[in-house]
Amino acid sequence: EFLEKIKKIKLPNTKLKLLQKLLKKAIDDFRKVNKAKGTDFAKKFRALVDKYNERKEQDVLVSNVLEDFTDEIIDLYEALKKEKASFADLGIDFEEKAFYDILKAIAKKYEFEYPDEKLIPLSKAVKDVVDDKTKYTDWDNREDIKAELKVDLIMLLAENGYPPITHDDVYKEIFEQAQNFKKYQTA
């Protein structure tokens, strides 16, 4: 609705600034729940802004350039909306999709294969463990609960053969996603 109102603004620079703020806020909000995909969208947005800022001097006030950039921001915003709704296609909820994405990103980063049919139940199980261990409001301040969460996550992942390589950073990234997810979920 807000996007439709912005599209009607006749002043290209004003429209552009409002769209940038809208997209930045949407990405920041998304990153609070889904760190992996939120970071991807932040990088795409940064690249888009850099491309705009590095345009030729003679194109600075050309309305076509501004309109093209406006369209690109709108396209990225639409892609973000589509990504936010992609959990339904997998048959999991929004929060489980955050763990699915981090597990998938780690597999890609460390170059190992893990089948999707095992990844979906694993992401559900990870969310269940995180929900169970973080049910106390002060969980983030208690080292005993954080240690228990780490151990339970490592054991769950090991039981499921994830990752097939030994790498401490894998567990660290999953734990960071769990902390990020719970921190902003309760806020």
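The structure is a predicted model, in which local features need pLDDT of at least 70, side-chain atom pairs count only at pLDDT 80 or more, and totals for chains, interfaces and linings use all residues. Residues are numbered from 1 along each chain as its sequence is written, and side-chain values use heavy atoms, with hydrogens and water left out.

**Fold**
- The protein contains nine helices and zero strands, where helices (H or I, at least four residues) and strands (E, at least two) are DSSP runs numbered from the N terminus.
- Along the principal axes, the C-alpha atoms occupy a box of roughly 60 × 35 × 30 Å.
- Among contacts (heavy atoms within 4.5 Å) with a separation of 6 or more, 64% join residues 24 or more positions apart.

**Burial and surface**
- Buried residues (under 20% relative accessible area, 1.4 Å probe, protein chains only) make up 39% of the 187 residues.

**Charges**
- The protein has 37 positive and 39 negative charges, with mean positions 5 Å apart; Lys and Arg count as positive, Asp and Glu as negative, while His and the chain ends are not counted.
- Glu67, Asp68, Asp71 and Asp75 form a negative surface patch, a patch being like charges joined within 9 Å on residues with over 30% relative accessible area and no salt bridge.
- Asp71 lies in helix H4 (residues 63–84).
- Asp71 counts as partly exposed because its relative accessibility is 41%, between the 20% and 50% limits.

Definitions and conventions: Patches are made of residues with over 30% relative accessible area and no salt bridge: like charges are joined within 9 Å, nonpolar side chains (Val, Leu, Ile, Met, Phe, Trp, Tyr) within 5 Å. Accessible areas come from the Shrake-Rupley method with a 1.4 Å probe; for residues, only the protein chains shown count as cover. A salt bridge is a side-chain nitrogen of Lys or Arg within 4 Å of a carboxyl oxygen of Asp or Glu. The place of a charge is taken as NZ of Lys, CZ of Arg, CG of Asp or CD of Glu.
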